[in-house]
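Please examine the sequence and the structure shown here. A short report on selected sites follows.

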Amino acid sequence: MNKFLIIDGMNLVRRIHAAQPNESDVSGLKERVNGACRKLLKFHQPTHVAMVWDGDAISWRKTLFDDYKKGRKPMPEALANTLPSLKAYLAEQKINSIEAESEADDVIATLATKLANSNGEAIIVSTDKGFCQLLHPAIKQWDHFNQHYLTIEEMEQKLHIERSQLIDYLALAGDSGNKIPGVPGIGPKSAVELLKIFRSLANIYNSIDKIGAKQANKLVAGKQMARLSYKLVQLQVEIPLNVNLKQFRVSS
């Protein structure tokens, strides 16, 4: 069975680099990233491995909503300048890269879904909670920094929702880290309460007459924002990929 280790490149590298007190210091970064990759390969024993990187094109999410990820701290210049040589170094170590046009998330989601649907197993290495929406049982998510799988139970306990409700929850409550707005006036607590009663975003809006007037007014006024947020949060799992699995086979 094919087992694909799909590493969220910037998620891994930026956190490794952030451990340095001086953001201009990239000495030893190649070795630290390669060390992390070796540890991942040894633990997970995949048949295939790839690092997926964000591209420079404007994301479709940014086109849809200009404030998307607005205000996020830019990548340190020294880190940006060293990425080409880091990718070349990793390729020498037989860890090849996939370059997304814009955001890596949709490429990672598509790769994982394709493999899972072909009777393979995908392990996504990332701390991004957005990947929890991928519901296929053959897709797992690994937090390298805490050395554990991000389980359904952990996410449900943290957010007080069911895994299948994640997109609906973020459409209501928003996601401040990515500047996804959600419904103005509906915070995490209200979103959880609504989803416990009505189960889904669609049911909430279909049952608006059963909701208290104050909250119902917020939901009606914010309906377009809820729809927009739902689209922004949802991962694309069928984007065209010009890659062949053979390119990423782990050398024995």
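## Terms and model

Buried means under 20% relative accessible area, exposed means over 50%, and partly exposed lies in between (1.4 Å probe, protein chains only). The model is predicted: local features need pLDDT of at least 70, side-chain atom pairs count only at pLDDT 80 or more, and totals for chains, interfaces and linings use all residues. Residues are numbered from 1 along each chain as its sequence is written, and side-chain values use heavy atoms, with hydrogens and water left out.

## Annotated domain

UniProt, in an unreviewed entry, places the feature "domain: 5'-3' exonuclease" at residues 2-251. UniProt positions follow the numbering used here, feature names are shortened, and annotations may be inferred rather than shown by experiment. The span 2-251 is 46% helix and 11% strand. Its end C-alpha atoms lie 14 Å apart. Helices (H or I, at least four residues) and strands (E, at least two) are DSSP runs, numbered from the N terminus.

Val 237 lies in the segment after helix 11 (223-233). Val 237 counts as partly exposed because its relative accessibility is 27%. Contact means heavy atoms within 4.5 Å. Leaving aside neighbours within four places in sequence, Val 237 is in contact with Ala 109, Thr 110, Thr 113 and Leu 134.

Gly 130 sits in the loop between strand 4 (121-125) and strand 5 (139-143). Its relative accessible area is 17%, so Gly 130 is buried. Gly 130 touches Leu 166 and Leu 235, not counting residues up to four places away in sequence. Gly 130 and Met 10 are 120 residues apart along the chain, and their C-alpha atoms are separated by 15 Å.

## Annotated binding sites

UniProt (unreviewed entry) lists Asp 105 as a "binding site". Asp 105 is found in helix 5. It counts as buried because its relative accessibility is 13%. Not counting residues up to four places away in sequence, Asp 105 touches Asp 8, Asp 128, Phe 131 and Leu 235.

A further "binding site" feature in UniProt (unreviewed entry) covers Leu 172, Ala 173, Pro 181, Val 183 and Ile 186. Ala 173 belongs to helix 7 (residues 166-173). With a relative accessible area of 17%, Ala 173 is buried. Leaving aside neighbours within four places in sequence, Ala 173 is in contact with Pro 181, Gly 182, Ile 186, Gly 187, Pro 188 and Ala 191. Val 183 lies in the loop between helix 7 and helix 8 (188-198). Val 183 counts as buried, at 2% relative accessibility. Beyond four places in sequence, Val 183 touches Ala 171, Leu 172, Tyr 205, Lys 218, Leu 219, Gly 222 and Ala 226.

## Aromatic rings and charges

Rings of Phe, Tyr and Trp (its six-membered ring) pair if their centres lie within 6.5 Å. By this rule the count is three aromatic pairs. Phe 43, Trp 142 and Tyr 149 form one aromatic cluster.

A charge sits over a ring if NZ of Lys or CZ of Arg is within 6 Å of the ring centre and within 35 degrees of the ring normal. The charged end of Arg 15 sits over the ring of Phe 145, 4.4 Å from its centre. The charged end of Lys 140 sits over the ring of Tyr 149, 5.5 Å from its centre.

## Cavity and pocket

On a 1 Å grid over the protein atoms alone, a cavity is a set of points where a 1.4 Å probe fits but cannot get out; a pocket is an open set with protein on both sides within 12 Å along at least five of seven lines; lining residues have an atom within 4 Å of a point. Grid points are joined across faces, edges and corners, and a volume is the space filled by probe spheres set on the points. The structure holds one cavity of 30 Å³ or more. The largest cavity has a volume of about 40 Å³. Its lining includes Asp 8, Trp 142 and Phe 145.

The second largest pocket has a volume of about 290 Å³. Of its 15 lining residues, the closest to its centre are Ala 100, Glu 101, Val 107, Ile 239 and Pro 240. Strand 3 (96-99) and helix 5 (104-117) are the elements that give two or more residues to this lining.

## Positive phi

Gln 147 is not a glycine, yet it has a positive phi of about 55°. Gln 147 is found in the loop between strand 5 and strand 6 (148-149). At 32% relative accessibility, Gln 147 counts as partly exposed.

His 160 also has a positive phi, near 65°. His 160 lies in the loop between helix 6 (152-159) and helix 7. Its relative accessibility is 53%, so His 160 counts as exposed.

Terms used: Rings of Phe, Tyr and Trp (its six-membered ring) pair if their centres lie within 6.5 Å; planes under 30 degrees apart count as stacked, over 60 as edge-to-face and the rest as tilted.
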